[in-house]
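Student: I would like to learn how to read the features of a model like this one. Where do we begin?

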Amino acid sequence: ESLGAITAIQDGNHGNYHPKASEYTGSGIPFVMASDIKDGRVDLKGCSRLPKERTDRLRIGFAKSGDVLLTHKGTVGSVALAPNVPDYLMLTPQVTYYRTASDQLLPAYLAYAFREPGFQQQMISESAQSTRPYIGIQAQRRLRVRYVDIKNQHRIVSILSAYDDLIENNTRRIEILEEMARRLYEEWFVQFRFPGHEGVEFKESELGMIPEGWKVSALDEFGEIITGKTPSKNKSEFFGGDVPFIKLPDMHGNTFIIETTEKLSQEGMSSQKTKTIPPGSICVSCIGTAGVVVITSEPSQTNQQINSIVPRAPELREFLFFAATSLKDKINNYGATGATMTNLSRGKFSSLQVVEPKEDLLCGYNKLAAPFFDKILCLQKTNRNLRAQRDLLLPKLISGEIDVSDIPMPT
């Protein structure tokens, strides 16, 4: 590598200052934590923000648009290109920014080179030397990155970013489809502007005024509630098969679960048959980060942090997804037992109440919303395939194993 090509390396060490939750605001300077860096991007929507007048008084640890961000503490090796922002990004001490002389080293190329398996392996080896995964700035300077001439950097970036652009477009489409289904849900079932609402009388209920013919139902009236469980870790034969084993990190940022970091064998699944949930089940996190909701796409099991609703009819899938999402605050309030972490029991979860519309409206909503959700599932699977193709190509392009001129653009 060429040392002159990297002009600055700095982590988000702001002296002894770490923002308190009370300082965060709805707008201002994004405060980027390691958890905000996913798949080469910074999740700006997920970032907490701080007032600019407060952050302007700090002197170091600010990334500019186009810097390369690398996590080096706790979570090691997540990479992102800093997005376009009006001012700058404030970084947590877990994140380092790299600034380059772009006539020698394209920031986007460096970001891809950091994601190359050989570089990631260096980070794992280096971080393993401390009790908690950590690589200081000096140790980072010793890491070696594959470096090609600027012309080939441009070619490699254009190929790999074509994959990332497709993934980003699909992700945006997923967000729009989910938002369309959500707005329809709110229109019909929250604001009660459903087809034929004009002549409907309202009545009192435990959840306020609701239309005549509707009722208030506990979640367990919509289907079976199953609390997950982890099979015995002492039996290695229970793991490593093809049965998705859903944990909280698998749920974040997804509508459907199509990938999990851990899988069970058929033997592992059979060891706790009653914990298997079918496709179309609604999984809700109830311990730790509570109120995250996803839908299963194949027979799966979950760990004990998750309660799942197996709908009594497939037509309830979309309604229950949004009904469960709307319970987030209630889950966190009911689960707050004075302990440091939310922990909502199966019994309390089962008894949570939602408004249940008449059957014909549930079926009508399903007819309109199901195609949106089917398309979301299709786009998630497309993105999974695009990521797999990109991740296969990336090390071969960086290493020069395959000639960049031989690679067709993805479609």
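Tutor: We begin with a term: two strands pair if DSSP finds at least two bridges between them. Helices (H or I, at least four residues) and strands (E, at least two) are DSSP runs, numbered from the N terminus. This is a predicted model, in which local features need pLDDT of at least 70, side-chain atom pairs count only at pLDDT 80 or more, and totals for chains, interfaces and linings use all residues. Residues are numbered from 1 along each chain as its sequence is written, and side-chain values use heavy atoms, with hydrogens and water left out.

Student: How many bridges join S14 to strand S21?

Tutor: Five bridges join S14 to S21 (residues 306-311), and the two run antiparallel.

Student: Which residues have the most contacts inside the largest nonpolar core?

Tutor: A nonpolar core is a set of buried Ala, Val, Leu, Ile, Met, Phe, Trp, Tyr and Cys residues joined through side-chain atoms within 4.5 Å. Buried means under 20% relative accessible area, exposed over 50%, partly exposed in between (1.4 Å probe, protein chains only). Here the largest core has 45 residues, and Ile-282, Phe-319, Phe-349 and Tyr-365 have the most contacts inside it. Helix H11 (359-399) is among the elements that give two or more residues to this core; the largest share, eight residues, comes from H11.

Student: What does Phe-319 touch?

Tutor: Leaving out residues up to four places away in sequence, Phe-319 touches residues including Tyr-185, Phe-222, Leu-362 and Tyr-365.

Student: At what angle do the axes of helix H2 and H11 cross?

Tutor: Axes are lines fitted to C-alpha atoms, for helices over the stretch in contact, and angles run from 0 to 180 degrees between N-to-C directions. The axes of H2 (residues 107-115) and H11 cross at roughly 105 degrees and come within 9 Å. That makes H2 roughly perpendicular (65 to 115 degrees) to H11. Tyr-109, Tyr-112, Ala-113 and Arg-115 of H2 meet Arg-390, Leu-394 and Ile-398 of H11.

Terms used
Contact = heavy atoms within 4.5 Å. Parallel < 35°, antiparallel > 145°, perpendicular 65-115°, else oblique.
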